Amino acid sequence: MAEAAPQPLALPSGLLELCALLGPSRDSLRGPELDESCFYNGKMHREPFWPSVGATGCFVPFAVCVVSRFPYYNALKDCLSCLLTHLKLCKDFEVDNHIKDFAAKLSLIPSPPPGPLHLVFNMKPLQIVFPSRADPESPVIDLDLHLPLLCFRPEKVLQILTCLLTERRVVLFSSSWALLPLVAECFLAYLHPLQWQHTFAPILSRHMLDFVMAPTSFLMGCHLDHFQEVSKEADGLILINIDSGTITSSNDEDVDIPDIPLLAAQTFIQRVQSLQLHQELDLAHLGASTDLNEGRARRRAWQQRLNHELQQAALQLLVSIFREVKNHLNYEHRVFNSEEFLKTRALGDQQFYKQVLDTYMFHSFLKARLSRRMDAFAQMDLDMQSDEDRLHGVLLSPRRPTIEKMASRNPPSLHATHRRMVVSMPNLQDITVPEPPARNSSLRKMDSEGSRSSSIVRSTAFQATYSFKIPDIHFPLVSQCVQAYFSDCVALLSKAMGHLAPDSSVLLARFFYLRGAVHLMQGQLLDALLDFQSLYKTDLRIFPADLVRRTLESMSGPERAQAERVPELRRLISEVADKPGDAPKPDDRVKHFELPKKHMQLDDFVKRVQESGIVKDANIINRLFEALTVGHQKQIDPETFRDFYNCWKEAEAEAQQVSLPSAVMEHLDKNECVYKLSSSVKTNRGVGKIAMTQKRLFLLTEGRPGYVEISTFRDMEEVRATTVAFLLLRIPTLKIKTASRKEVFEANLKTECDVWHLMVKEMWAGKKLADEHKDPQYIQQALTHVLLMDAVVGTLQSPGAIYAASKLSYFEKMKNEMPTAVPKTTSETLKHKINPSAGETAPHAVDVLLYTPGHLDPAEKVEDAHPKLWCALHEGKVIVFDASSWTVHQHCFRVGASKLNCMAMAERNQVWVGAEDSVIYIINVHSMSCNKQLTDHRAGVTGLAVQSGTPSKVYSCSTDGTVLAWNVSTLRVTGRFQLSGGRLSSIRLHDGCLWCCTGSSIVAVTTGGLVVQELKVDENFKEMRTSFLSFQLLPEQEQLWTACAGCDSVYIWSLRDLARPPQRVPLQGCSEVSCMIRVKQQIWVGGTSLSQGKSTGKIYVIDAKRKTVEKELVAHADVVKTLCSAEDRYVLSGSGSGEGKIAIWKVE
């Protein structure tokens, strides 16, 4: 009943040949088809279906073939073995009936949905297990994945994988028919999530041997008897002998198989060699099993663990090979810069990558990466990130290694002279490891020491599995018996669901799926739809959308009308049936970067630069456009773009040759990177090259390389470009005055002086702004400006080049034009700023913030125990920060595609998110996945209120005035009421009552919907038209604080008598209040202030007792959209799309 991708023909050996053929997706296992032919060494022999007995009593063998859409190799083989046992005991005239009964049994067994639930069926004498897929993206694994490792050495396994990755024409040979499909399937399983895109025929008969003459890529299998014939008839084949474990090529040609990258290969070989491939050794400490099924269960459990370890090893191999592909992708324009990716590969790996990059398999892989698919590859890529990668992933450039990474990868005593530092694209997003040392030509000549530097993957625990026993099928299989079987299935599934704990939603979802499928077979369509609708609340990943759509289409008019009268199904029908099935698919093509051939206006230039990977930020590209078009028509010609691009890449190539001695690295911080080096110059502190990092300038002295500190950017007091006399010449000189030294640093930079003057002043200004605003993003942007200045000067090579480059001195101009420092109160209260839009083409508004405290749970990962900050951006995007370090914990993932309005933490493992599309999305805080949705609202969800207790409850409200009460454990609606007037924007729970803000009023109601108190806006603001925006309750002072649309004040009402006129707290310079929260005895109010026609975000801190403004904080360059408290120690504010940043404020 689960859907599967098309799978190939497979024929294990035995008297009863098993043929698992997977065709187009269907919803149930069909009955077996009977075939009247047998194979002998690939030759087909036609025989009567059931041979007659001759005078001599000789019997002619026949074959039974089971055709299935799912690759249950072991399960169906066991089924056929049981059938054979029964056939041996039956009489001749009973054989036909036994086979029909066998076919009928198989046709009634459902296929388990993806997840941890396996199905068990009693075939007598064996208990047959039908395993499920691990997840919807994974294939069914019902074979022994270690078989290739029993046939080939690990080095040969890697060579075969290389042949598949490079899409060669591969032919497998064996004297055992059974091994051909099994070994072939194992290799394809190793490639997951990559998929073989070409012909796959694991068994060819003698009459099909001409298939190997096909000119396209393929993977086929032949009997070993045909080895010589195939080898001589076709050219360019890779011939793999399973029996001898050898790899050759046809016509005795040399096998030209490129090596897999060394570090990835070493890690794979080490992991494989550490596996226990023999069950006898692994189970030697256990006593012998006296029960057949118990022994089989032991074997199955051992095989499942071994399969999991092999899948993890193969997946780690693929991630190690392809993980740096992401550094050369442009997601916005779906571009892969293959040329630049190849340049970053080690010379010994170039041939491998050149061949792989041209394959259909890699093209499909690129589509998945550009679509940001969170599959097994992406998840392991995250798991393999080092702590340093996670800490600096948002700030540093993709291929710029830190000092710490350089030192760890190249031990000083052995590789000091071979260090390389890569200076590249200033996107300032991720860190990538530097290029590994020169590789050996053969996998057999590996340095055991070198392998220790390979990436370490966090061990992935083997997930526990559960089983559900399908009831026995009673014969004869007439309609009544089949219906009885279905009824037994429903009864057993319902009983199992009743015994589950409330938090066992994963298993509950599988039971709902199976019960819905059985209801469909019974013809109970309404019950089936209700079960499938329950998947929204348990696990949406396995929701069978196509099956539900077809079910709705097959319903008669009265049945459809009956379904639409059920409230739970109304939303399901609108979501599934009313959407056009043939809606146009989004463009998922992959483009390769090419230099432009036509003149470019600004918009096209922005797109081209983003595609190249040089810069993503559209504002910075606009400045670059101004720089390159100074004194010219406002367009860029192809030649100028090509010169700029080449100049940029040449600067990268030169930077790759930089080597830093260990004595120099000792003076630098572990996260520093060298971004720019001058030519060798004379200074008043020696001769050498001036190096620029994100923190300082230092002199890399010549002769015996040494380190001389020039200055940190924070310590600078003055930077001047001047000239000094030398004989009759005036030599351009850069002078830098610092606060810590009296002596002024002087460097005779000559022709480089002007550009270095611009770059140092820009970095100095960026550092000053970063310190004032507590925002490290200023430094990253300054670095981008600096590298672009250097490229512009190299591109134009004209007297006006320095003036053109000065157009990129953005922070230097900002410092000169707006010399006013950040107000003292703001600077003292502000702790830090973070940018959730880092790496995007433009900033996005921060719509909602939620802080969740950390928990010390031994069962959780360490990083899961840290407090977190949840940030909702546009179109359903959520980013999670580690609140202990304010670094990214989980990069952007989506919950729907609409604006997110509110967030709340329910219990310890769920974050509820209310969206404009009327859905409540539930995020699992451990897996960072959203597999549950609550769809009972009919308008945008605007507020959530959590009530602790057992069981805990969540109240939600929507703009149409609906308020729902939810049981957090069961996710069922336990209460519902409607408020008149609509425009319900928020709710709060206090003293057993719900306080609701409807715009026109603030209403206190019981949890049943009975109005207790009401404050109407039109009765209190008769002189102006306004509405309530937000409110806060101070119960100990019996006060209600409100903010109103268009008002520059906060109003305070007495809860004793809402009819009394309110007190007013004016907010100086505020044009409108947007949000407010309570923190201790303070009310923090976010608002907008207009200054010189621009909106500025301000925060007002009001003493709740004295009702006076204590602090006025200049918070953001745009409106303050949201506020949240972090344990009353910090307040976090999010700004609009003009800035898109989050500020962290200290609470006093």
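A residue is called buried when its relative accessible area is under 20%, exposed when it is over 50%, and partly exposed in between (1.4 Å probe, protein chains only). By that rule, buried residues make up 55% of the 1148 residues in this chain. The model is a predicted one, where local features need pLDDT of at least 70 and side-chain atom pairs count only at pLDDT 80 or more, while totals for chains, interfaces and linings use all residues. Residues are numbered from 1 along each chain as its sequence is written, and side-chain values use heavy atoms, with hydrogens and water left out.

The secondary structure comes to 32 helices and 49 strands; helices (H or I, at least four residues) and strands (E, at least two) are DSSP runs, numbered from the N terminus. A contact here means heavy atoms within 4.5 Å. Among contacts in the chain with a separation of 6 or more, 58% join residues 24 or more positions apart. The chain exposes about 50400 Å², and carbon and sulfur atoms supply 51% of that area (Shrake-Rupley method with a 1.4 Å probe; for residues, only the protein chains shown count as cover).

Start with helix α17, residues 479–498. The expected span of a helix is 1.5 Å times one less than its number of residues.

Now find H757 in helix α28, residues 753–773. H757 counts as buried because its relative accessibility is 17%. Leaving aside neighbours within four places in sequence, H757 is in contact with V719, R720, A721 and L734.

## Two open sheets

Two strands are said to pair if DSSP finds at least two bridges between them. Strand β25 (residues 877–882) pairs with β26 over 5 bridges, and V880 has Q890 in β26 as its bridge partner.

Another open sheet of 4 antiparallel strands runs in the order β27-β28-β29-β30. Its edges are β27 (900–906) and β30 (929–934), each with a single partner strand, so one side of each is left without a neighbour in the sheet. Neighbouring strands here are turned by 25 degrees against each other on average, direction ignored. β29 and β30 pair over 4 bridges, and the bridge partner of N924 in β30 is S929.

## Loops and a hairpin

Q1068, in the loop between β42 (1063–1066) and β43 (1072–1079), counts as exposed at 65% relative accessibility. Beyond four places in sequence, Q1068 touches Y1100 and E1112. For a hairpin, see β37 and β38, which have 4 residues between them; G1009 in the turn has a positive phi of about 105 degrees.

Most residues other than glycine have a negative phi, and most peptide bonds are trans. E907, in the loop between β27 and β28, has a positive phi near 55 degrees. E1038 also has a positive phi, of about 55 degrees, although E1038 is not a glycine. Two peptide bonds to look up are K124 to P125, which is cis with omega near 10 degrees, and H192 to P193, which is cis with omega near 10 degrees.

Conventions: Axes fitted to C-alpha atoms, helices over the stretch in contact; angles between N-to-C directions.
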